[in-house]
Amino acid sequence: MKIEYVETTSDLMTRINIHDAYGARDIDKWMLDVLPLEQDMAILDVGCGAGKQCFSYLAHLSGKAEIIGGDVSEELLAKAQEENQKLGNRVTFQPLNFNVPFLFPDNTFDLVSCSFAIYYAEDIPFTIKEMHRVLKPDGTLFTTGPMPENKQMFYEIIKEATGKHIPPMPGSSRYASEILDAVKATFSKTKIEVFENPLTFPSVEPFIAYTRASLSEDRLLWNAFFQTKEDFETVMDEITQVAQKWFERDGKLVMTKVVGGILATK
Ligand SMILES: C[S@@+](CC[C@H](N)C(=O)[O-])C[C@H]1O[C@@H](n2cnc3c(N)ncnc32)[C@H](O)[C@@H]1O
């Protein structure tokens with residue numbers, strides 16, 4: 001499946017900052033609890049974006065690990081490298097497209113992680129097999145992605161605002177089914193850990209900022225909603241009005257992120 005999706009640095013950073021500001025829980029801390037991290041490990045983070053997970057591993061392991069972050073976006077890799085320089089270049093950031101064979105030999109890494117990216121792969125079994133190939137025997141794969149019940153309130157507001165059917169999202173529609181099945185078929189052991197994080201917005205404005213950062217670059221996925229640039233602003237106005245109505249009724253807006261962590265052993 002070809003997925004027309006390009007993440008921009010500013011949209012990704014906006015969503016990360018909103019999670020930090022309004023979320024009740026810290027997903028990086030949860031990952032560190034769930035993952036079997038040890039010093040001197042070789043770690044590959046696939047779809048590393050601006051390096052969020054790489055820097056979290058680096059700090060947790062006090063810099064004692066070989067960490068590589070790979071991504072297809074030059075812009076996000078440059079952003080990651082900017083931060084890396086400030087931290088003494090302890091992580092290696094390099095181009096990696098998970099739709100083609102990885103440029104690493106078999107049995108190279110103790111841990112391969114992939115946060116909020118695997119569902120953009122064109123051929124999920126191919127990408128999962130590449131992750132399996134580059135892992136050492138007994139190595140761990142960890143992926144995160146949205147569960148079907150993720151951010152229901154976000155979709156309900158959009159549905160009420162537009163009266164339109166919400167298109168299936170590549171993440172929540174496939175993560176706990178097709179992607180989990182592909183991991184189970186390839187790895188010897190698989191388990192799923194669920195992370196729930198309610199984001200409580202004390203006003204409409206940060207919810208709208210989150211919605212813009214989610215919808216603006218995903219416009220091709222939401223093609224029934226946005227045919228032109230003007231449609232985007234019209235839909236955003238409609239969403240703002242409904243969000244305002246919900247806010248006046250409930251005194252707050254609560255959007256719960258429901259993330260599945262797939263943890264698998266080679
Ligand atoms: C939602 S972002 C997540 C980034 C990062 N892991 C995080 O959690 O902050 C999705 C990432 O997948 C990357 N991506 C999309 N298609 C890719 C591909 N074909 N190969 C590698 N990375 C890809 C995007 O560039 C983006 O950095």
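Q: Why are helices α5 and α7 called oblique to each other?
A: In this predicted model, the axes of α5 (residues 124-134) and α7 (residues 175-186) come within 9 Å and cross at roughly 40 degrees. Angles under 35 degrees count as roughly parallel, over 145 as roughly antiparallel, 65 to 115 as roughly perpendicular and the rest as oblique. The pair α5 and α7 is therefore oblique. The axes are lines fitted to C-alpha atoms, for helices over the stretch in contact, and angles run from 0 to 180 degrees between N-to-C directions. Helices themselves are DSSP runs of H or I with at least four residues, strands are runs of E with at least two, and both are numbered from the N terminus.

Q: Which residues make the contact of α5 with α7?
A: Ile124, Pro125, Ile128, Lys129 and His132 of α5 contact Glu178, Ile179, Ala182, Val183 and Thr186 of α7. Two residues are in contact if their C-beta atoms, placed from the backbone, lie within 7 Å. By class, this contact of α5 with α7 has six nonpolar, two polar and two charged residues. Here Ala, Val, Leu, Ile, Met, Phe, Trp, Tyr, Cys and Pro count as nonpolar, Asp, Glu, Lys and Arg as charged, and the others, Gly among them, as polar.

Q: What makes α2 and α3 oblique to each other?
A: The axes of α2 (residues 27-34) and α3 (residues 52-60) cross at roughly 60 degrees and come within 11 Å. The two helices are therefore oblique. In their contact, Asp28, Met31 and Leu32 of α2 meet Gln53, Ser56 and His60 of α3.

Q: How is the protein known to agree with a compact globule?
A: The rule is 2.2 Å times the number of residues to the power 0.38, and the radius of gyration is taken over C-alpha atoms. For 266 residues a compact globule would have a value near 18 Å; the protein has 19 Å, which agrees. Its C-alpha atoms fill a box of roughly 55 × 35 × 30 Å along the principal axes.

Q: How are residues numbered, and which pLDDT values are needed?
A: Numbering starts from 1 along each chain as its sequence is written. As the model is predicted, local features need pLDDT of at least 70 and side-chain atom pairs count only at pLDDT 80 or more, while totals for chains, interfaces and linings use all residues.
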